[in-house]
Amino acid sequence: MTLQTPILRLARPDDRAALEALVERSVRDLGRGYYTPAQIESSLKYIFGIDGTLIADGTYFVVELAGQPAGCGGWSYRRTLFGGDQFSDRSPAPLDPALDAAKIRAFFVDPAFARRGIGRMLMQASEQAARAAGFRVLELMATLPGVPLYQALGFTATGALDQPVPDGTVVPFVPMRKALM
């Protein structure tokens, strides 16, 4: 067996189809046991997906292994806290680094590469970029399977959110925050 070196790079518009497929695999596999089948299907239809604004802003990363995306995630200086392009609760308004928390966004890891440091690599890049942009606090909306990773990375839960979607399904999330040192 040969060890593959993960490569971190910015996401490009032509990555979109591969990343959407990665998101679907991640949500279906890693969400099992945390979400019901109905919640998984509804979240894929109404919430989870790629946010093209992050790609256009140059704040969304991809980790590749052997030329294939193993994970994706990033940060944002805009008000939208979570959800792909199809999610209705979005705002492109910019944040003020002196007053607002940067948003950690759309972290998904291919189940074949889960628990191998891909999420940590994405978070490190996102934290460094947000810090360089002047932000001192991060916030995110964690999926239930993501909570343990984010806690291990120093985030603290600030509550709970039951997000209703148009088909009547409710999808639970955990808002979390972290001060940058």
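I started with E20, which sits in helix α1. Helices here are DSSP runs of H or I with at least four residues, strands are runs of E with at least two, and both are numbered from the N terminus. This is a predicted model, where local features need pLDDT of at least 70, side-chain atom pairs count only at pLDDT 80 or more, and totals for chains, interfaces and linings use all residues. Residues are numbered from 1 along each chain as its sequence is written, and side-chain values use heavy atoms, with hydrogens and water left out.

**E20, continued**

Leaving aside neighbours within four places in sequence, I find E20 in contact with G49 and I50 (contact means heavy atoms within 4.5 Å). I also checked E20 against L44: the two are 24 residues apart along the chain, and their C-alpha atoms are separated by 9.9 Å.

**Aromatic pairs**

I searched the whole structure and got seven aromatic pairs. For the F48 and F173 rings I noted centres 5.9 Å apart and planes at 75 degrees, so this pair is edge-to-face. The cut-offs: rings of Phe, Tyr and Trp (its six-membered ring) pair if their centres lie within 6.5 Å, with planes under 30 degrees apart stacked, over 60 edge-to-face and the rest tilted. F48 is in the loop between α2 (37–46) and α3 (52–57) and F173 is in strand β8 (residues 170–179), so the pair ties together parts 125 residues apart in sequence. Both F48 and F173 are buried.

W75 is buried at 6% relative accessible area, and F135 is buried at 1%.

Which residues do ring pairs link into a cluster? I get F48, F82, F108 and F173.

Two of these names came back when I looked up Q163 in strand β7 (residues 161–164). Leaving aside neighbours within four places in sequence, Q163 is in contact with I47, F82, F87, T169, V170, V171 and F173. Its relative accessible area is 13%, so Q163 is buried.

**Helix α4**

α4 (residues 118–132) has 15 residues and reaches 21 Å from first C-alpha to last, close to the 21 Å expected at 1.5 Å a residue (1.5 Å times one less than the number of residues). I listed its buried residues: I118, G119, L122, M123, A125, S126, E127 and A130. G134 follows α4, and I noted its positive phi, near 100 degrees.

**Largest pocket**

How much space lies in the largest pocket? I noted about 730 Å³. It is lined by 36 residues, and the closest to its centre are F107, T143, P145, G146 and Y150. α1 (16–30), β4 (102–109), α4, β5 and α5 (147–152) each supply at least two lining residues. β4 gives the largest share, six residues. The pocket terms: on a 1 Å grid over the protein atoms alone, a pocket is an open set of points where a 1.4 Å probe fits, with protein on both sides within 12 Å along at least five of seven lines, and lining residues have an atom within 4 Å of a point. The volume is the space filled by probe spheres set on the points, which are joined across faces, edges and corners.

Technical notes: Buried < 20%, exposed > 50% of the residue type's maximum accessible area, 1.4 Å probe, protein only.
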